[in-house]
Amino acid sequence: MTPIARRGTIVALSGLAVSPVHAHLVETGFGAFYDGFAHVAVTPADLLVVVAIALFAGQRGSGAARLALFAMLIAWLAGGLVGAWWPESAAWPLSTTLTFAVAGALVALNATLRDTGVALLAVVAGLLHGLVNGATTAPAGATPLALAGAITAIFCVTAILSAEVAALPAGWPRVAVRVAGSWIAAAGLLMLGWLLRPGG
Amino acid sequence: MNAPVIGIAPRHLVGILLALLALTSAAAWAQEETGQAAGFLTGLSHPVSVLDHVLAMVALGLWGAVLGPPAIWVLPVAFPLVMALGGLLGLLGIPVPGAEVGIAVSAIALGAKVLLEARPPLWLAAAIVAFFAIFHGHAHGRELPEGTSALLYSLGFVVATGLLHAVGILLGVAHRWSAGRQAVRIAGGGVACAGLFFLWRAIA
């Protein structure tokens with residue numbers, strides 16, 4: 001197996017390993033930090049937006065990836081802190097679905113966007129999801145340490161994925177990234193349907 | 001290709017990713033919620049449990065392999081998006097008449113294109129595929145069982161459909177060799193025949 005194929009397999013396995021679950025605040029038994037860390041991994045909407053932004057930033061090169069990485073982290077942290085004091089923001093499923101659907105569509109299209117545009121997208125996504133995150137986990141007893149854990153998880157996923165994608169050669173590996181983006185966008189479109197359906 | 005990016009060499013990333021995998025999987029399975037898992041698994045299994053959908057998706061992958069680049073990757077990128085649009089229409093209550101007939105015709109058309117090794121311009125191939133994707137999404141994208149996660153169902157449904165395309169593309173690799181080329185064409189003919197059966201069943 002070539003190094004690229006091996007890395008792809010590991011990324012795919014990571015996705016499979018975390019996909020069947022979704023919880024507001026996971027209790028790992030290792031403390032609040034790891035509860036927050038695991039929360040991102042088991043919240044599909046959060047995981048999808050982080051993956052989509054990471055893939056898109058990676059597509060746009062290492063400069064965009066560095067900007068997006070730190071922009072999303074800071075925005076997520078700010079959103080999380082605000083959300084903890086503003087529980088009403090918990091009911092924004094339409095907005096959080098739209099963010100990962102749009103990010104996935106940009107990956108599928110391999111859209112050309114300036115580094116600042118990628119960072120702006122990361123900020124919007126980070127703020128929105130952080131806000132909802134803070135609002136949903138704070139009433140469940142999440143501490144700032146849990147938020148730090150979530151931020152660390154986002155850092156790990158974004159840094160690893162965007163670095164991998166930025167380093168990918170042209171051809172099939174980059175096509176696979178676009179296909180992954182189209183899957184995320186398609187899941188988002190269907191989710192929009194569930195949210196907007198009459199009587200839904 | 002292997003230059004360090006964001007200060008981490010790609011070979012080190014594999015180790016980090018493995019460590020992350022160990023952390024996330026342990027936490028995830030420890031907190032499994034059956035409703036959520038059921039959503040993903042139902043979405044994943046639904047496309048492979050409907051034979052007309054399976055055959056049409058595999059035929060799409062085969063056709064992509066026959067057409068070669070760039071169609072081989074344009075079609076699998078475009079199809080899930082348009083299929084989801086069909087699902088969205090269905091969920092919003094916008095009717096698409098003759099969805100079952102459309103799915104059967106998609107198997108006939110895609111199978112026939114593989115059999116005849118049809119090579120239309122890329123825009124026309126994409127338009128044909130997008131047209132049929134609406135029917136597949138409308139008919140299958142909204143069959144969510146009660147009490148399961150809609151997002152994970154949708155994700156599973158899209159991933160399974162994409163994997164069926166991949167199966168078709170992988171089988172289509174045989175098209176490079178003369179014996180394989182005949183086998184791929186025969187497979188296309190088989191899908192078209194099955195499509196005729198589905199059409200008869202949909203109309204009868």
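Q: In chain B, what share of the contacts between residues at least 6 apart in sequence join residues at least 24 apart?
A: Two residues are in contact if their C-beta atoms, placed from the backbone, lie within 7 Å. In chain B, 89% of those contacts join residues at least 24 apart. Keep in mind that this is a predicted model, where local features need pLDDT of at least 70, side-chain atom pairs count only at pLDDT 80 or more, and totals for chains, interfaces and linings use all residues. As for labels, residues are numbered from 1 along each chain as its sequence is written, with chains lettered from A and ligands numbered from 1 in the order in which they are written.

Q: How do I read the packing of helices α3 and α6 of chain A?
A: Two packed helices are described by the angle between their axes and the distance between the axes. Here α3 (residues 44-59) and α6 (residues 115-137) of chain A meet at about 170°, axes 11 Å apart. So α3(A) is roughly antiparallel to α6(A) (the cut-off is over 145 degrees). On the α3(A) side, the contact includes A:Ile53 and A:Phe56, and α6(A) brings A:Leu121 and A:His129, among others.

Q: Where is confidence lowest and highest in chain A?
A: pLDDT is the predictor's confidence in each residue, from 0 to 100. Chain A averages 84; helix α1 (residues 3-18) is lowest, with a mean of 52, and α3(A) is highest, at 94. Over residues 12-23 of chain A, pLDDT is below 50. Where pLDDT is low, the predicted coordinates should not be read in detail.

Conventions:
Axes are lines fitted to C-alpha atoms, for helices over the stretch in contact, and angles run from 0 to 180 degrees between N-to-C directions. Helices (H or I, at least four residues) and strands (E, at least two) are DSSP runs, numbered from the N terminus. Angles under 35 degrees count as roughly parallel, over 145 as roughly antiparallel, 65 to 115 as roughly perpendicular and the rest as oblique.
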